[in-house]
Protein chains: 2
Amino acid sequence: MTIAQVAERAGVSTATVSRVLSGRGPVSAAVQRRVRTAADELGYQVNSIARALRNSRTDTVGMVVPSISNPFFTSLVERVEHALGREGKELLLCDARSDPAVEARRLATLVARNVDGIIVSPSHGTLSGAAVQETADRLPLVQLDRFVGGTSTDWVGVDDVAAMRQVMDHLHAGGARSAAFVGSLLTNSSTEQRFAGFRRRADDLGIAVASEHVLLGDYSVEWGETAAARLIAAGGPPDAIVCADDLIALGVTRACRAHGVDVPGRVQVTGYDNIEFARLGEPALTTVDQPRERIAAEAVRLLAAAAADGAGREARGPSAHIALVPSLVVRDSTRADA
Amino acid sequence: MTIAQVAERAGVSTATVSRVLSGRGPVSAAVQRRVRTAADELGYQVNSIARALRNSRTDTVGMVVPSISNPFFTSLVERVEHALGREGKELLLCDARSDPAVEARRLATLVARNVDGIIVSPSHGTLSGAAVQETADRLPLVQLDRFVGGTSTDWVGVDDVAAMRQVMDHLHAGGARSAAFVGSLLTNSSTEQRFAGFRRRADDLGIAVASEHVLLGDYSVEWGETAAARLIAAGGPPDAIVCADDLIALGVTRACRAHGVDVPGRVQVTGYDNIEFARLGEPALTTVDQPRERIAAEAVRLLAAAAADGAGREARGPSAHIALVPSLVVRDSTRADA
DNA sequence: TTGAAAGCGCTAACAT
DNA sequence: ATGTTAGCGCTTTCAA
């Protein structure tokens with residue numbers, strides 16, 4: 001079903017059909033009607049490939065996340081998909097499997113596919129750099145949540161340091177005078193920032209952090225369980241265990257339960273992200289809520305703005321770094337007061 | 001960067017460049033080298049839009065799921081994405097938000113985008129029918145997990161009835177003589193089938209199911225909590241609560257804990273899907289494991305086969321219905337024996 | 001207000 | 001073995 005068939009049936013030229021269907025250009029009311037009728041009868045639908053080739057715009061945005069199965073990224077994907085839908089754009093989703101090499105390949109594919117822009121949460125704090133920068137040089141790109149050093153692209157995320165300040169103040173108010181940090185290896189910006197914020201505020205407040213109380217693994221429930229078990233085995237945990245995300249925290253509280261360590265009585269535990277399952281923990285997790293809706297909306301907005309400015313990094317203005325302020329959600333894994 | 005520029009630099013025609021780059025057609029080794037060098041130097045990348053227009057193949061597959069945020073569908077998406085990646089295909093992901101109208105729109109968009117095929121888990125057992133059938137008439141389509149009545153398309157999923165038989169036998173062995181069913185409204189095939197399987201085997205085994213012990217809401221933790229609270233308030237739950245998915249089961253066990261009802265001592269609880277969080281429930285959920293990897297692989301295989309046969313339902317052979325056998329995963333929310 | 005025609009970048013006949 | 005060329009379906013000058 002092509003525009004030519006519609007044109008023939010309506011007895012007009014293809015140009016006219018195009019004008020009617022795209023609503024651009026002057027067409028008499030009578031012809032408009034004829035064309036629309038013909039199109040309806042034939043069940044015509046534009047061929048978006050041909051249109052894309054002609055317009056060099058695909059109305060498609062690519063998104064690359066470290067792991068689809070991480071509930072935090074899933075909900076980000078969901079939000080982005082909805083935000084794009086509002087603008088009539090489609091989402092091409094890629095899973096980098098936390099591997100910078102896979103990530104680089106996916107980015108290249110997206111470029112080859114002529115997506116209008118790319119939203120990426122880089123899987124690695126340094127190794128993702130080259131591919132991200134190269135991609136950003138070719139088309140609008142915004143980094144989401146995580147970012148990679150040595151690049152100059154738009155970014156939307158939260159102020160991890162400010163968030164950690166809130167977490168530490170809350171724990172301190174709950175009586176914590178020593179703390180452990182359980183995160184992933186410091187190879188991505190999220191963990192880096194969160195750890196930095198943790199450490200800084202711990203110092204300020206005089207909360208002791210033994211060097212063996214910094215445990216770095218990955219973002220998973222399993223790692224949380226392992227880390228907690230290790231803390232418990234090695235002479236018992238400190239007053240608080242601060243986790244770099246909710247999955248880890250869920251693992252930590254689970255291991256504590258398994259070992260008969262009371263949370264929050266004996267040790268307070270905090271998560272990060274406020275995924276849906278955070279409230280289902282036993283006890284329900286105190287965590288940091290990231291304004292995901294807002295993050296997704298800003299990312300899509302930035303992309304649209306960049307696209308309007310024209311492709312190619314240099315053509316556009318300086319990059320925007322939008323750090324939203326997350327909020328602390330207090331539940332039952334911490335104490336309200338001493 | 002076009003093929004023409006590469007051709008000019010290499011001093012050959014565009015046809016030759018195309019032949020070299022696609023590896024089709026005879027080209028002398030010397031020219032091959034010249035072309036490749038030129039392409040590399042220019043950093044040439046195919047324009048997949050132009051290629052798609054020419055070949056009428058996009059190497060893109062569309063996937064529509066009722067809800068991205070449901071962990072079961074998320075993991076299915078992940079598997080499908082990986083399986084497609086192996087064939088050099090991309091995934092265009094759409095969220096139907098459990099709304100047949102949204103779903104119909106997304107399907108239409110995917111058709112307009114000339115995807116090579118569509119994988120859909122219909123959100124509604126009847127209302128999704130028209131759109132799914134229409135889409136299937138136009139291009140290869142396979143239904144995943146759920147299916148919709150009145151359509152004739154390929155389908156891959158599990159045998160829900162067989163799964164429920166296993167569940168009921170296990171509960172019966174654990175001493176259950178009465179049971180409740182908590183699911184979503186019977187508007188999708190999953191719940192329908194599971195409920196049918198539940199009911200049938202309950203009859204066989206002489207397990208009593210009071211009519212007020214069939215509670216239908218939606219696939220969410222909240223609904224599980226509500227339903228369980230209702231069962232507890234109304235004179236106490238039966239010996240077992242069979243849930244149509246893990247989210248519901250997680251809500252049920254949570255409510256039981258909150259109300260001091262021992263699981264599995266006072267009441268046994270089962271889930272379905274074996275999402276990652278199932279093992280994290282308190283107690284860990286006994287549930288039905290769907291072979292997701294296999295489901296995804298079969299779906300992608302069917303799509304490839306259909307594409308090879310040529311587009312348009314009629315052109316292809318009769319549709320395949322592949323029902324895989326799920327397995328029961330016994331954890332701590334049920335009793336091993338009476 | 002409408003039509004004719006060029007051309008987006010690529011591939012595959014067909015010709016040499 | 002290589003080049004010439006038509007054409008995928010659409011939009012947009014330019015001309016009438």
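How many residues of chain A are in contact with residues of chain B? In this predicted model, 50 residues of chain A are in contact with 50 residues of chain B, contact meaning heavy atoms within 4.5 Å.

## Basis of the model

Residues are numbered from 1 along each chain as its sequence is written, and chains are lettered from A in the order in which they are written. The model is predicted, with local features needing pLDDT of at least 70 and side-chain atom pairs counting only at pLDDT 80 or more, while totals for chains, interfaces and linings use all residues; side-chain values use heavy atoms, without hydrogens and water.

## The interface between the chains

Chain A and chain B bury about 4,400 Å² between them, and 48% of this lies on carbon and sulfur atoms. Buried area is the accessible area (1.4 Å probe) that two parts lose on being put together, summed over both. Of the area that chain A buries against chain B, 15% comes from A:Ile49, A:Glu90 and A:Arg113, more than from any other three residues.

Twelve salt bridges are counted between chain A and chain B; a salt bridge is a side-chain nitrogen of Lys or Arg within 4 Å of a carboxyl oxygen of Asp or Glu. A:Glu81 forms a salt bridge with B:Arg106, where the closest N and O atoms are 3.1 Å apart.

## Helix packing in chain A

Helix 10 (residues 221–233) and helix 11 (residues 246–258) of chain A pack at about 45 degrees, with their axes 6 Å apart. Helices here are DSSP runs (H or I, at least four residues), and strands are runs of E of at least two, numbered from the N terminus. Axes are lines fitted to C-alpha atoms, for helices over the stretch in contact, and angles run from 0 to 180 degrees between N-to-C directions.

Helix 10 and helix 11 of chain A are therefore oblique to each other, since angles under 35 degrees count as roughly parallel, over 145 as roughly antiparallel, 65 to 115 as roughly perpendicular and the rest as oblique. Residues of helix 10 of chain A, including A:Trp223 and A:Ile232, meet residues of helix 11 of chain A, among them A:Leu247 and A:Val252.

## Helix packing in chain B

In chain B, the axes of helix 5 (residues 71–86) and helix 12 (residues 292–309) come within 9 Å and cross at roughly 50 degrees. Helix 5 and helix 12 of chain B are therefore oblique to each other.

## A strand residue in chain B

B:Asp289 lies in strand 10 (residues 287–289) of chain B. Leaving aside neighbours within four places in sequence, B:Asp289 is in contact with B:Asp273, B:Asn274, B:Pro326, B:Ser327 and B:Val329.
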